[in-house]
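This report describes the two chains of a complex, the contact between them and the confidence of the prediction. Please read it alongside the sequence and the structure shown here.

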Amino acid sequence: MLGSPVIERARRPGRRVPVWGLPGQAVAADRRTVWRVGRSVVEPMAIEVSTTDSPDDGSVGIVKTRTVQLFEPPASLTLAGGGKLDAVTVAYETYGTLSPERDNAIFVCHALTGDAHAAGRHGAEADSLGWWNDFVGPGRGLDTDRYFVICANVLGGCQGTTGPGDVSPGSDEPWGLEFPFITVDDIVGVHAALVDHLGIEKLLAVIGGSLGGMQVLEWAARFPDSLGSAIVLASGAKLTARGIAFNAIGRRAILVDPNFHEGDYYLTDEIPRFGLGLARMVAHLTYLSEASIEMKFGRRLQEGDRFAYDLARETEFQVESYLHYQGKRFVERFDANSYLYLTRAMDYFDLAATHGSLLEAFGRSDVRFLVVSYSTDRLFPTSQSREMVSAMVKAGRDTTFLEFESLYGHDAFLIEHDQLAGVVAPFLEQTLESEQRPR
Amino acid sequence: MSATRYSMPGPDAELIDELLVDQIDKGSRVIDLGCGDGRLLDRLRSERNCRVLGVELGEAEVIAVIGRGLPVIRADLDHGLSDIPDDSFDTAVLSQTLQQVHRPTTVLREMLRVAFRALVVVPNFGHWRVRLKVIQQGRAPVTDALPYEWYDTPNLHVCSMHDIRDLVEQLGMTVVREIPIIRGRPVENAWWANLRADSAVYLLERASE
C-alpha cells in the first residue's frame, strides 16, 4: 500500500457515460472525462489506495487506475510550446510498497499508445492485463516485492490524463485541435509533478522504451537530482528522418479522413476510424522486423490456398488480415487527436537541441545509465543508442550499453522480458546499493 | 571455446590481474577491452577506487558484468571503439585479447586514442615449448599455456615477444615497461625472455611528440 500522505478528493463513483458516436447524445459536461476502451467514457474513480489482491497468476493482481489533479489554480502548467493548461488530470497506477525511506520507487514511462495500466489486471478478464505485465510484478524485471512502481498516462493522451479528447475548461466541448501543443518536456514535467505529489524526492530509476525512452532521457537531463538511474530501451535522443516520415504518413491518413472534421469529430456520429486505423497499420509495420513478419505470416493466405482474384477482398493474405485487425483494435481504444499530438511530440524531441548538446544533457547529473537496443529495431536503430552512449561516456557517466540480438524488431522490449529482466534487475540492485551507501 | 568470446580465464589469470592492478593508479579512469565477466574491473573499483568501464562482446559475459554492478558496453573490438571519445580514460587494458582480434593494429591504435596509456597482455608463441612442438612434431603447437587445436582456437594471430616489439615500434608507440611471465612469475629484464615467457605484459604510451 502506498504509505504517502496522499489525499485525493473524493469524487462520484465511476459510471459509464455514453458520449460521442451516439446520435444526439451530449458530451458529459465534465472536463475530467477520460477515454476508455469502447466508444464510451468513464469518469475517473476516486480510490484511496490501489487494491493489490493476492496474485494467483503471478501478477500484481487486481489494480485500479487512480487520478489526481495537478497544476490547479493558482498554479498552472506552462508548456514548452508556449501554451498553458490550468489544471491537469493525471491517471496513474502504482504497484508494490513504498519503503519507509521512500528510496525504492521506479517510474515507468509508456510508449506512444500505452497507458497507466502497466501491470496486473483491472478485472477477471484476461484481456485486462497491463501492457508490461510480464515485466512488472513479483519477482519480475521490475520486482514489485522490492520496488514501488509507478506508471502514468502521458499528457495529451487519451487514457485518463488530460488530452485533446477532454472537455476544455469554460466550454461544453472537447478541446480537439484547440488543445495546446505538447512536447516530451511537458509530458515529463507532469510526471515529475506526480512523483512530487506522491511524496517521493528521488526515484530509484526511470525506465521506458521508444517514446518512453525519450521521456527517460529528458527526465535525466532536466531533473538530474530526482533519479538514481535512467533505463532507456529501444529509443534515441531524437527520431530519425525515417521515423518522422512514418509518423507523417499516419497523421496524413487521419487528417484526410472525411470524418476528421478538423479534429471536432467528438460530437459527430463518426470518428476518423479509417485514418486512425491506417495510421496504426503503417506504424505497426515499423515495430516489427522483416524476420518476425516472415516467420509469423510469410505469404500464407487467410483462407484456403487459392487467390480470390477479387480486389474487394482486402484480407486475403494473413499479414493483411493481421494489419486490419491491429488497425480496428486500435481505433477502439485510441483517440485520433491524441495520435496527432503525441506523434508530433515525438518528431519534435531533440535532446541535444533542447539542452545545448548531448554532452551537456548528460553532464549535469550523477545518474547511472542503462541503454538497451535491439539488433533488428529499424525505428530506433542501435546506431542511435551508440551515439547517446558515446556522449554519456564522454560526460563521465556510469554507462552500461547492450544491444540484444533479437528477431522482434522495435517491439522486442515489449516481448522479450526475460532477457531484459536479466540486465535490468542487477542494474537496479546496484543502483539501490549505491544510493543507500552513505556518501 | 566459442569464437565470440574474447576473454578466457587462463592459468595465470589471477597473477596477471594482480600485475595489472599494480600498474594502475588509484582513482584513475580505466577501460578494459574484452573484460570478460569483469573480475579485473571489480578489483580495480574496490581496491584502486578507479572509475571503470568494460567492453565485451559476449552477451552472457556482459550480463555477468552488469551483475557485478559494473558499467559495461557491448561492442565488437574489431569494429573499433568509435563509441568511446578520445582521451576519455587514463589507462586502456587489453588482457589476453590482442591475438584474438582481426586487426590488432587498429585495436592498439584505438587504445592509445581513448587512453594515454595501454596495458596489453599477450601470450608468447616464441616460448621454447611451442618451438619444440613445431620442430619435433611438425604440427601446430598445443601446449599447456596454449591449449587449442589450430582449427578451434580463439587465437587468430601467432606472435612472439619480438613480434610485439616490432609492431609497437612500427606504430610509433613507446614501450614503457615489459614484464615477461615465466612459469607463473613476473620476471622483469629476464634473460632469453622470448624463449622462456609464457606471456608478457606491456605498458605502452603514445610516443612523445
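## Chain A: overall content

The secondary structure of chain A comes to 12 helices and 15 strands, where helices (H or I, at least four residues) and strands (E, at least two) are DSSP runs numbered from the N terminus. This is a predicted model, in which local features need pLDDT of at least 70 and side-chain atom pairs count only at pLDDT 80 or more, while totals for chains, interfaces and linings use all residues. Residues are numbered from 1 along each chain as its sequence is written, and chains are lettered from A and ligands numbered from 1 in the order in which they are written.

Of the 439 residues of chain A, 51% count as buried; a residue is buried if 20 or more other C-beta atoms, placed from the backbone, lie within 10 Å of its own, exposed if 12 or fewer do, and partly exposed in between. Among contacts in chain A between residues at least 6 apart in sequence, 70% join residues at least 24 apart, a contact being a pair of residues whose C-beta atoms, placed from the backbone, lie within 7 Å.

## Two loops of chain A

A:His261 lies in the loop between α3 (241-255) and α4 (273-287) of chain A, and counts as partly exposed because it has 15 C-beta neighbours inside 10 Å. From A:His261 to A:Pro272 there are 11 residues in sequence and 8.5 Å in space, C-alpha to C-alpha.

A:Arg299 is placed in the loop between α5 (290-296) and α6 (318-333) of chain A; with 8 C-beta neighbours inside 10 Å, A:Arg299 counts as exposed. Its C-alpha atom is separated by 7.4 Å from that of A:Gln318, 19 residues apart along the chain.

## Chain B and its helix α2

Chain B has 7 helices and 8 strands. Its radius of gyration, taken over C-alpha atoms, is 16 Å, close to the 17 Å that the globule rule (2.2 Å times the number of residues to the power 0.38) gives for 209 residues, so chain B is as compact as a globular protein of that length. Along its principal axes the C-alpha trace of chain B spans about 50 × 40 × 30 Å, and buried residues make up 43% of the 209 residues.

In helix α2 (residues 39-48) of chain B, B:Leu40, B:Leu41 and B:Leu44 are buried. They cover an arc of only 100° around the axis, which puts them on the same side of α2(B), the arc being that of the directions from the helix axis to the C-beta atoms. What covers these buried residues includes α1 (13-23), β1 (29-33), β2 (51-56) and β4 (89-95) of chain B, whereas B:Ser46 and B:Glu47, on the other side of α2(B), are exposed. Just after α2(B), B:Asn49 takes a positive phi of about 55°.

## The contact between the chains

The contact takes 14 residues from chain B and 17 residues from chain A. On the side of chain B that touches chain A, the elements that give two or more residues are α3 (59-67) and β3 (72-74) of chain B, and α3(B) gives the most, with 4 residues.

## Confidence

The mean pLDDT of chain B is 86, and 93% of its residues reach 70 or more, pLDDT being the predictor's confidence in each residue, from 0 to 100. Over residues 1-9 of chain B the pLDDT is below 50, although this stretch has 20 contacts in the model beyond near neighbours in sequence. Where pLDDT is low, the predicted coordinates should not be read in detail. For the complex, the predictor gives an ipTM of 0.84 and a pTM of 0.86.

Terms used
Two residues are in contact if their C-beta atoms, placed from the backbone, lie within 7 Å.
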